[in-house]
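This briefing is for a reader who has not seen the structure before. Please look it over below, then read the points that follow.

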Amino acid sequence: MWRYIVQRLVLFIPTFLGITLIGFLIMHLAPGDPADLLAGGGLGAAAGEGISLEKRGTVDQALAQWRAQYGLDRPLHVQYGYWLKNLFTLNFGDSFKDNQPVAVKILDRLPVTLTLNILSIILVYLIAIPLGIYSATHSYSLGDQATTLAAFILFSLPVVWAGTMALVFLCGGDFYYWFPPAALTSIDYSPQWPLWWKIQDRAWHLFMPVLLLSYSGFAGLSRYMRTGMREVLEQDFVRTARAKGLAERVVIFKHVLRNSLIPMVTILASILPGLIGGSIIIETIFSIPGLGQLGYQAVLARDYPTVMALFTVSSMLALIGILLSDILLTVVDPRIAFGRREV
Amino acid sequence: MSAGKASLQGSAQNGGTLVGTAGSNRGAGYWSLVWRQFRRDRLAMAGLTVVAGLFVVAIFADFLANDKPYYMRYQGASYFPIFRSYLVQMGVGKWPPELLNVDFKELEGETKVFPPIPYRSNNIDLRAPFADPSPEHWLGTDKLGRDVMAGVVHGSRISLFIGFVSVGISLTIGIVLGALAGFFGSWVDLLISRLFELMLAIPTFFLLITIAALLPPSIFLTMSVIGMTSWVGIARFTRNEFLKIRNLDYVTAAIALGVSNRQVMFRHILPNALAPVMVSVVLGIAAAILVESSLSFLGIGVPADLVTWGSILNEARSNSFAWWLAVFPGLAIFITVLAYYLVGEGLRDALDPRLRGS
């Protein structure tokens, strides 16, 4: 098993390099220059007002100095080389915006995004699996058709719309104030609160974002569960199990369920890469200080080091997700041999 | 898992023989079977109707919501300003000097027949910002007094355009790469499969907003970027189909007859591999529309003066009292996406021979 994991990890290296290279090239080949953007806010505004040639020279000099400080004046491959070298020491450089080390900024916000996403993944599986089992065992009944339709509607519900609707109608505004419109804790939150209060406050703030992050997931996953389970239900061994007189409960939960959980595990891998991307919208709508919001702001400000770092972290998460689901797959289904590649 | 694979293979062969035996009316038999199956699915047909309706709205958007009248009598002469604006755009016609750059609503014409929504999506009216829905503005107005109904009608054009163009791009890339990988196998497959893995692990949405934010805002760039980041699904489907079909006898026969690789790939294999790809095309259109609405919701990738469904929704975020800005454009996105999903799902069922006749 360890040999297989190491083998996979080695294979990830070219993929990982490819991803970071793509990110790097996009950031650096796109028209526009962070120095100019920086100048556009501060120095350039002065330049626009028709300053003398002398001062213009000073501005240019300052910009050149700034570029040199961040190594932006070097050739691209040298910059990429330095970036890679720093990566080994987990040094993602300093943010262009506030000169804070990017790694620190990310670590600050990581718990928030992780909480959101882990909770929503748990919710996804908690709802999708029972729903899928119900739909598959009662297929074409009224209940199944209602679930199917509901899943379809939830799956097509754009998260931007659902989020805005929740904000407008349920979170303050002119309508109901059932949930807070922003942040993760109340303004008067204090560490002295009793634990139960803290949990309550957290739950109240997390409820809407987590629900919005997960609804399309459990809608989609319950369909996969239904399809997978129906496929297993039609197989011969299920008929055999029923024929030998096993209770229906045993057939469903012991024989069918285990076999239909396999595709559910692989889907975990496809959820992970979307974590940061998916939380961008929710974190922006609800002003939650997580990685998604950080990424969105960094992209708008052309904060190269931050964007690159987030890009790297999310693709690492994705690769880990793929590996994890491959390993889990063998746990759920011992027939899958290590090292054998599937088509 | 092995059973699923076997039945999939069965379906490909089934499709293959169907196409093969149709002979004289080339493949018509297969698609009419699919259509017959599709028609039975009431939800899918409802989706198809909505999609068709959206096409009609998008094509005739200028006739549904326009600040120019259909017909006007002015100073003793008859004009058809909407039709004329098409001629002017094509460079065939010209506005008469007295009608150049005028507000048709202010003109003292004898008769004027306006479309049901007498606004364009970009008509700014600073006298009526955040107007409630009323007979005058059916769905209210936004902060610049732009009519939301007109925005929703004209936004259908943008979403339709985005959906089809970006999926067109991803279909082209996906089919070419998938076909190469599936047909040639060996190192070509290995290389292209690495590329798939890379694209799967890449944080697509983050990449998308990065590119869209770095490039100058333009609807065409956004479409291309969406297309170029969403081809993996189609490519993998195509590859898997090619892997299966490549080993069928008729392909071996074609190769033995000395048909060129290109011909075998695109004339003999591709038509039979397209069916499962069709499903991801339809679902891809829905996904592209969703992505575009998220981008314009975040204010990335579309020019500031372009009214899209996502951009109207974006205004609701900071003006939460204006509920109509949240409800209607979002409903439009939702209905469109739902319709495409229903069509896609219906198509998937119709293409699955195991369900046929059941």
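The largest nonpolar core has 156 residues. Inside this core, the residues with the most contacts are A:Leu310, B:Leu208, B:Ile209 and B:Ala286. The model described here is predicted, and its scores are ipTM 0.81 and pTM 0.83.

**Core**

- In soluble globular proteins, nonpolar side chains tend to be buried together.
- B:Leu208 belongs to the residues with the most contacts in the largest nonpolar core.
- Apart from neighbours within four places in sequence, B:Leu208 is in contact with B:Val225, B:Ile226, B:Thr229 and B:Val291.

**Contact between the chains**

- Across the two chains, 48 residues of chain A are in contact with 39 residues of chain B.
- On the side of chain A that touches chain B, the elements giving two or more residues are α1 (2-29), α7 (142-156), α8 (159-170), α12 (274-285), α13 (291-301) and α14 (304-332) of chain A.
- That side of chain A is made up of 32 nonpolar, 14 polar and 2 charged residues.

**Chain B as a whole**

- Chain B has 358 residues, of which 45% count as buried.
- Its secondary structure consists of 14 helices and 3 strands.
- The C-alpha trace of chain B spans about 75 × 45 × 40 Å along its principal axes.
- If contacts in chain B are taken between residues at least 6 apart in sequence, 70% of them join residues at least 24 apart.

**The sheet in chain B**

- Three strands of chain B form an open sheet in the order β2-β1-β3, and the pairing is antiparallel.
- β2 (77-79) and β3 (111-113) of chain B are at the edges with a single partner strand each, so one side of each has no neighbour in the sheet.
- From one strand to the next, the twist averages 20°.
- Strand β1 (residues 71-74) of chain B pairs with β2(B) over 3 bridges, in the antiparallel sense.
- B:Met72 has B:Tyr79, in β2(B), as its bridge partner.
- Strands of a sheet pair through backbone hydrogen bonds, either parallel or antiparallel.

**Confidence in chain B**

- Chain B has a mean pLDDT of 83, with 91% of its residues at 70 or more.
- Confidence in chain B is highest in helix α3 (residues 42-59), at a mean of 93, and lowest in helix α1 (residues 2-22), at a mean of 40.
- Over residues 1-25 of chain B, pLDDT stays under 50. For these residues the model has 25 contacts beyond four places in sequence.

**Two residues with positive phi**

- Most residues other than glycine have a negative phi, and most peptide bonds are trans.
- A:Arg302 has a positive phi, near 55°, and is found in the loop between α13 and α14 of chain A.
- A:Arg302 counts as buried because 22 other C-beta atoms lie within 10 Å, and the cut-off for buried is 20 or more.
- B:Phe130 also has a positive phi, near 50°, and is found in the loop between β3 and α6 (148-184) of chain B.
- B:Phe130 has 16 other C-beta atoms within 10 Å, so this residue is partly exposed.

Terms used. Residues are numbered from 1 along each chain as its sequence is written. Chains are lettered from A and ligands numbered from 1 in the order in which they are written. This is a predicted model: local features need pLDDT of at least 70, side-chain atom pairs count only at pLDDT 80 or more; totals for chains, interfaces and linings use all residues. Two residues are in contact if their C-beta atoms, placed from the backbone, lie within 7 Å. Helices (H or I, at least four residues) and strands (E, at least two) are DSSP runs, numbered from the N terminus. Ala, Val, Leu, Ile, Met, Phe, Trp, Tyr, Cys and Pro count as nonpolar, Asp, Glu, Lys and Arg as charged, and the others, Gly among them, as polar. A residue is buried if 20 or more other C-beta atoms lie within 10 Å of its own, exposed if 12 or fewer, and partly exposed in between; C-beta atoms are placed from the backbone. Two strands pair if DSSP finds at least two bridges between them. Axes are lines fitted to C-alpha atoms, for helices over the stretch in contact, and angles run from 0 to 180 degrees between N-to-C directions. pLDDT is the predictor's confidence in each residue, from 0 to 100. A nonpolar core is a set of buried Ala, Val, Leu, Ile, Met, Phe, Trp, Tyr and Cys residues joined through C-beta atoms within 7 Å.
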